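Here's a quick tour for anyone meeting this protein for the first time. Have a look at the model, then read on.

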Amino acid sequence: MSEKEWKRIAIVPGSFDPVTLAHFDLITRAASLFDEVVVGVLENASKKPWFSAEGRVLMVQREVQGLRNVRVIRFAGLLVDIAATEGAAVIVRGVRGGSDLEYETLMARMNAHLRPGLDTVFLPSAPHLSHVASRLVREIAYLGGSVAGLVSDKVALAVATRAEEKRADDASSREGRPE
Ligand code: PNS
């Protein structure tokens, strides 16, 4: 049989602030379903990210270095535009439960409206990771809890360091504030 002349490319977009084990599971599964997977790290995540875009890209790259058909890029602007630039015909998103599904369905339909033909595939989160969310990881780390089992050891270290900086920043801004 002759070798396939086209590749089925998927994009896995996100803020990855920070990348979690649930993200890694999603990317790994996407990599087994598609010929090529582009992980798109949103540059200017509106929610004032803990980590810079470069830092988040590096963190994701380190996590996925063992997956040969995955590459990581940063992007700004519309997801549909970067999907077109990268030749991705499919967006892959993880879904933890009902409220995710509602929000993700809205986004999927809007993206299909903006770029007809661009479809979204939802993958249900692995049951043992369906409580994992970057926002909760940040909150737990800030409050001094353990994020083991939610992120890799390397990411846990980066998160702990950043949490310490955040706590110090917040303490010094409280001290500088007039009574
Ligand atoms: O990890 P997140 O924060 O849930 O990812 C959200 C993301 C990056 C997928 C979404 O905010 C996005 O696609 N942003 C790019 C801007 C865009 O295209 N907005 C219109 C979406 S319908």
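The largest pocket holds about 1,300 Å³ of space. A pocket here is an open set of points on a 1 Å grid over the protein atoms alone, places where a 1.4 Å probe fits, with protein on both sides within 12 Å along at least five of seven lines. Points are joined across faces, edges and corners, and the volume is the space filled by probe spheres set on them. The model is predicted, so local features need pLDDT of at least 70 and side-chain atom pairs pLDDT 80 or more, while totals for chains, interfaces and linings use all residues. Numbering runs from 1 along each chain as its sequence is written, and side-chain values use heavy atoms, leaving out hydrogens and water.

Who lines this pocket? There are 48 lining residues, and Gly-14, Ser-15, Lys-47, Arg-93 and Glu-104 are the closest to its centre; to count as lining, a residue needs an atom within 4 Å of a grid point. Two or more of them come from each of β1, α1 (21-33), β4 (90-95), α4, β5 (119-124) and α5 (134-142). α4 gives the most, with 10 residues. By type, the lining splits into 26 nonpolar, 12 polar and 10 charged residues. For that sorting, Ala, Val, Leu, Ile, Met, Phe, Trp, Tyr, Cys and Pro are nonpolar, Asp, Glu, Lys and Arg are charged, and the others, Gly among them, are polar.

And where is the ligand? It sits in the largest pocket, meaning that more than half of its atoms lie within 2 Å of the pocket's grid points. β1 (9-14) and α4 (98-114) are the elements that give two or more residues to the shell around the ligand, and α4 gives the most here too, with three residues. The shell has seven nonpolar, four polar and two charged residues. Of its 13 residues, Gly-14, Ser-15, Lys-47, Leu-79 and Arg-93 come nearest; being near takes a heavy atom within 4 Å.

Here are some polar contacts, pairs of N or O atoms within 3.5 Å:

| Residue | Part of the residue | Distance to a ligand oxygen |
|---|---|---|
| Ser-15 | side-chain N or O atom | 2.6 Å |
| Leu-79 | backbone N or O atom | 2.8 Å |
| Arg-93 | polar side-chain atom | 3.0 Å |

The protein covers 76% of the 550 Å² of accessible area that the ligand has on its own, by the Shrake-Rupley method with a 1.4 Å probe.

Now for the loop between β1 and α1. Phe-16 is found there, with a positive phi of about 50° even though it isn't a glycine. Pro-18 lies in that loop as well, and a cis peptide bond with omega of about 5° joins Asp-17 to Pro-18.

Stepping back, the protein has six helices and five strands, following the pattern β-α-β-α-β-α-β-α-β-α-α along the sequence. Helices (H or I, at least four residues) and strands (E, at least two) are DSSP runs, numbered from the N terminus. The C-alpha atoms fill a box of roughly 70 × 35 × 30 Å along the principal axes.

Methods. A polar contact is a pair of N or O atoms within 3.5 Å; within protein, one must be able to donate a hydrogen and the other to accept it, and residues adjacent in sequence count only if both atoms are side-chain atoms.
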